[in-house]
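Take a look at the model below. Keep it open while you read, and find each part as it is named.

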Amino acid sequence: MKRSLILLLALVLLLGGGYFGFQSFKIELKARVAQVLLQYAWHKTIKTGEDQRPWKSFDGTPILRLTIPRHEVDQIVLAGTSGQALAFGPAFHEESELPGTGGTTVLSSHRDSHGVYIKQLQKGDTVKLQDRFQQWHSYTIEDFSILNVKTDTISTTNAKEVLLIITCYPFNALTSRTPLRYVVSASQNLGNRS
């Protein structure tokens, strides 16, 4: 009887661990497959000049391509910061400016999925954004800061081109409901458009 109870408990723990392991793997797999579909939609957007969705039920569209060569980051940025957009990649804050139009471009990403690289960024790193016209906009990281969304604001009006990449903070927090945000600030490299 005692042995049967121990075996049953071990089986329950094994199945429970397997279930949670599968859920974690499923999220990672879904994110990787989504980026492949987003890359395809991005290339189609560039080719046709029209917004393309990676699949019909998706509520967002690719708006930029983000690359950070030193960290081997190559991701499609989605228009808007809806929950679905942020689940599948970095998101463009539509209240901010697109690269090349002057002002501040603001991107957000989850710290534990597509934005996991953010904590490894360093001053001097180059960040590149490709727009739908195949123009590249190059930025150099200059600073890092932490803001509280309950008390602080970000100005999107700026005389020079600035890129802000934002994620939840602290990086090892157990919940994403913290009011703190880690902000990476980068300034445009003038004359580096291709």
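## Overall layout

The model is predicted. Its protein has 2 helices and 8 strands. Along the sequence, these elements follow the pattern α-β-β-α-β-β-β-β-β-β. Of the 194 residues, 42% count as buried. Take the contacts between residues at least 6 apart in sequence: 55% of them join residues at least 24 apart.

How confident is the prediction? The average pLDDT is 85, and 87% of the residues score at least 70. Among the elements, S5 has the highest mean pLDDT, at 97. H1 has the lowest, at 75. Where pLDDT is low, the predicted coordinates should not be read in detail.

## The barrel

Which strands make the barrel, and in what order do they run? The closed barrel has 8 strands, in the order S1-S2-S3-S4-S7-S8-S6-S5. The pairing is mixed.

Start with S1. It runs antiparallel to S2, and 6 bridges join the two. Within this pairing, Leu 66 stands opposite Gln 75 in S2. Ile 68 stands opposite Val 73 in S2. The hairpin of S1 and S2 has 4 residues between the strands. In that hairpin, Glu 72 takes a positive phi near 55°.

S1 also pairs with S5. These two strands run antiparallel as well, joined by 3 bridges. Here Thr 67 stands opposite Lys 128 in S5. Why is S1 said to be largely enclosed by the rest of the structure? The reason is that 7 of the 7 residues of S1 are buried.

The largest nonpolar core has 21 residues. Leu 66, Leu 107, Tyr 117, Val 127 and Leu 163 have the most contacts inside it. Six strands each supply at least two residues of this core: S1 (62–68), S2 (73–79), S5 (126–130), S6 (136–148), S7 (162–168) and S8 (180–188). The largest share, 4 residues, comes from S1.

Now pick out Leu 163. Which residues does Leu 163 contact, leaving aside its neighbours within four places in sequence? They are Thr 105, Leu 107, Val 127, Leu 129, Tyr 139, Val 184, Ser 185 and Ala 186. Two of these, Leu 107 and Val 127, are also on the list of residues with the most contacts inside the largest core.

A second core is separate and has 9 residues. Trp 42, Ile 46, Phe 58 and Phe 88 are among them.

## Aromatic pairs

The structure holds 7 aromatic pairs. One of them joins Trp 55 and Phe 88. Their ring centres are 5.2 Å apart and their planes are at 80°, so the pair is edge-to-face. This pair links distant parts of the chain, 33 residues apart. Trp 55 sits in the loop between H1 (2–48) and S1, while Phe 88 is in H2 (residues 83–88). Are these two partners buried or partly exposed? Trp 55 counts as partly exposed, at 23% relative accessibility. Phe 88 is buried, with a relative accessible area of 10%.

Phe 88 has another aromatic partner, Phe 58. This pair is edge-to-face too, at 5.6 Å centre to centre and 70° between the planes. It links distant parts of the chain, 30 residues apart. Phe 58 is in the loop between H1 and S1, and Phe 88 is in H2. Both Phe 58 and Phe 88 are buried. Elsewhere, Phe 144, Tyr 169, Phe 171 and Tyr 182 form one aromatic cluster.

## A buried serine

Finish with Ser 187, which lies in strand S8. Its relative accessible area is 9%, so Ser 187 counts as buried. Which side chain makes a polar contact with that of Ser 187? The partner is Lys 160, at 3.4 Å.

Not counting residues up to four places away in sequence, Ser 187 touches Ser 138, Tyr 139, Thr 140, Glu 142, Lys 160 and Glu 161. Tyr 139 is also in contact with Leu 163.

Terms used: Residues are numbered from 1 along each chain as its sequence is written. Side-chain values use heavy atoms; hydrogens and water are left out. A nonpolar core is a set of buried Ala, Val, Leu, Ile, Met, Phe, Trp, Tyr and Cys residues joined through side-chain atoms within 4.5 Å. Buried means under 20% relative accessible area, exposed over 50%, partly exposed in between (1.4 Å probe, protein chains only). Contact means heavy atoms within 4.5 Å. Two strands pair if DSSP finds at least two bridges between them. Rings of Phe, Tyr and Trp (its six-membered ring) pair if their centres lie within 6.5 Å; planes under 30 degrees apart count as stacked, over 60 as edge-to-face and the rest as tilted. A polar contact is a pair of N or O atoms within 3.5 Å; within protein, one must be able to donate a hydrogen and the other to accept it, and residues adjacent in sequence count only if both atoms are side-chain atoms. pLDDT is the predictor's confidence in each residue, from 0 to 100.
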